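Hi there,

Here is the structure I promised to hand over. Have a look at it first, and then read on for what turned up.

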Amino acid sequence: WTRRLPPLRLLVLRALTYSAVILAALALPGLMTDAPPLWRDPNAPLSFGIAATIALVVSTAVEINRLLGPEATRALLTGRYSRPRIEDRVVLIADVVGSTALAERVGDLEFHSFLQEVAYDLAEPIYATGGNVYSYVGDATIVTWPLDQGLADGACLTCALAMHSALAATAPRYQARFGTAAALRIAIHGGPVAAGEMGDWKIEIALLGDTMNTAARLEGAARVNNVSTVLSDVVAAGLPEDARDTLRQLPDFAAAGKGKALTLWAA
């Protein structure tokens with residue numbers, strides 16, 4: 001519930017909590033021995049000031065990490081993407097089904113609340129499988145892994161299936177508030193991307209290239225074939241054998257702008 005607080009309130013709450021923990025640790029020796037208690041120490045105000053400062057700095061760092069994402073925070077601080085570089089990535093795009101009709105029915109503000117609830121519910125599957133949220137684009141959540149990490153133990157497929165399960169488990173909550181359950185169409189692709197910083201006053205890590213474009217096209221294949229999760233042949237071939245055995249091959253898909261039909265799989 002704390003993650004749903006406005007950032008400033010969450011920062012203050014976290015700082016106060018950290019301060020209380022630090023002060024409790026400082027007071028503990030006095031409670032366990034005959035030493036004077038902390039509140040009788042003439043340096044107590046200084047101790048509190050130091051504790052509060054440390055707590056505020058740590059809380060601010062945690063909040064910045066949360067706003068930017070762990071990967072982007074590390075990359076911006078280290079300058080990893082100050083110059084564009086080619087990286088092999090798995091890209092997962094999760095689109096909300098029926099979002100246009102829902103937005104028209106409930107209005108923009110309530111639709112924003114709907115997407116925020118979806119983002120909260122998808123967070124655990126993403127982080128449990130080591131994924132990083134690259135971006136929220138409209139009603140789509142874009143998640144990436146380094147290629148080896150995303151394919152190892154079928155992490156990207158596990159994430160997709162866990163996303164569907166998470167929204168199925170919370171369907172009554174969505175039904176009660178928004179009049180409809182939340183459902184996803186998920187596309188997963190992998191390959192080289194150009195990764196680098198983009199912007200000046202507002203800097204973000206941009207991922208560009210054919211891999212990103214193809215991943216976006218695969219959502220259309222999921223819609224055409226009426227499946228909830230579609231994987232490219234590149235991803236399917238790299239999954240562990242037990243994960244590949246759960247897949248079924250779909251008809252070749254002619255994606256817009258692609259010269260060759262894509263071999264796809266459904267989970």
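**What was found**

Leaving aside residues up to four places away in sequence, phenylalanine 114 touches Val96, Leu102, Tyr174, Phe178, Thr180 and Ala182. Please keep in mind that this is a predicted model.

Phe114 also belongs to the largest nonpolar core, which has 35 residues. Leu92, Phe114, Met163, Ile188 and Leu239 are the members that touch the most others in that core. The biggest contribution to this core comes from helix α7 (residues 155–169), with 7 residues. As background, nonpolar side chains in soluble globular proteins tend to be buried together.

Some nonpolar residues lie on the surface instead: Leu46, Ile50, Ile54, Val58 and Val62 form a patch there, and together they have about 400 Å² of accessible area.

One more place to look at is alanine 255, in the loop between β7 (248–249) and β8 (264–266). Is alanine 255 buried or exposed? With a relative accessible area of 6%, alanine 255 is buried, because buried means under 20%. Again not counting residues up to four places away in sequence, alanine 255 touches Arg217 and Leu262. Alanine 255 and leucine 218 are 37 residues apart along the chain, and their C-alpha atoms are separated by 7.6 Å.

Enjoy exploring!

Best wishes

Key
Residues are numbered from 1 along each chain as its sequence is written. This is a predicted model: local features need pLDDT of at least 70, side-chain atom pairs count only at pLDDT 80 or more; totals for chains, interfaces and linings use all residues. Side-chain values use heavy atoms; hydrogens and water are left out. Patches are made of residues with over 30% relative accessible area and no salt bridge: like charges are joined within 9 Å, nonpolar side chains (Val, Leu, Ile, Met, Phe, Trp, Tyr) within 5 Å. Accessible areas come from the Shrake-Rupley method with a 1.4 Å probe; for residues, only the protein chains shown count as cover. A salt bridge is a side-chain nitrogen of Lys or Arg within 4 Å of a carboxyl oxygen of Asp or Glu. Helices (H or I, at least four residues) and strands (E, at least two) are DSSP runs, numbered from the N terminus. Buried means under 20% relative accessible area, exposed over 50%, partly exposed in between (1.4 Å probe, protein chains only). Contact means heavy atoms within 4.5 Å. A nonpolar core is a set of buried Ala, Val, Leu, Ile, Met, Phe, Trp, Tyr and Cys residues joined through side-chain atoms within 4.5 Å.
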